[in-house]
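Visitor: I'm new here. Could you show me the molecule and walk me through it?

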Amino acid sequence: MPDMEKDQPQETLSGYKEKINPVTKATLRWDRELIFAGSTDAGYDIEFDSNAQWGCKPMEALLLSLAGCMGIDIVMILKKMRVQLASFKMDLVGERNPSPPQYYKTIEIVLHLGGKNLDPSKVDRAISLSKTTYCSVYNSLRRDLELKVRYELEEMEQ
């Protein structure tokens, strides 16, 4: 890979990452029973429910937070590498410790990428950069978490 290509993801993500405030604030309010409503400082809301009837379970939100963080990184990196993406989807399965604390022991992610002339080496590089350098959620999780990421490529027009 030419040196210029290696530098491109850094330039794209550094602009995005520089906008991140080092202090994050949120508010969580008890609604009823075991149902809580959370709000970000920017005004976005999420509901948590231990029974998953009125909102998602907190561990589901954590799994989706990991997916969102890695997804943003991977798509931004691939676009900067001039990969012609037409579709991107992530399927995740998390296996939790059976007794408290019931943290994630393993998380398996399958990326489904569609596009034109997709290069597996670029996808591998984007995943690696997200895990080792950019994904704040992944790097905030337990060090003994086993994260398995694989992908399926589909040739398609944009």
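**Loops and helices**

Visitor: Where is R82 found?
Guide: This is a predicted model: local features need pLDDT of at least 70, side-chain atom pairs count only at pLDDT 80 or more, and totals for chains, interfaces and linings use all residues. Residues are numbered from 1 along each chain as its sequence is written, and side-chain values use heavy atoms, leaving out hydrogens and water. Helices (DSSP runs of H or I, at least four residues) and strands (E, at least two) are numbered from the N terminus. On that scheme, R82 sits in the loop between helix 2 and strand 4.

Visitor: What is the phi of R82?
Guide: R82 is a residue other than glycine, yet its phi is positive. The value for R82 is near 65°.

Visitor: Which residue does a cis peptide bond join to P101?
Guide: P101 belongs to the loop between strand 4 (84-96) and strand 5 (104-116). With omega at about -5°, the cis bond joins P101 to P100.

Visitor: How are helix 2 and helix 3 set to each other?
Guide: Their axes (lines fitted to C-alpha atoms over the stretch in contact, with angles from 0 to 180 degrees between N-to-C directions) come within 9 Å and cross at roughly 130°. Under 35 degrees counts as roughly parallel, over 145 as roughly antiparallel, 65 to 115 as roughly perpendicular and the rest as oblique. The two helices are therefore oblique.

Visitor: How many residues of the contact of helix 2 with helix 3 are charged?
Guide: Contact means heavy atoms within 4.5 Å. Among those taking part are M70 and D73 of helix 2, and K122 and K131 of helix 3. Counting Asp, Glu, Lys and Arg as charged, the contact has 9 nonpolar residues, 1 polar, and charged ones numbering 3.
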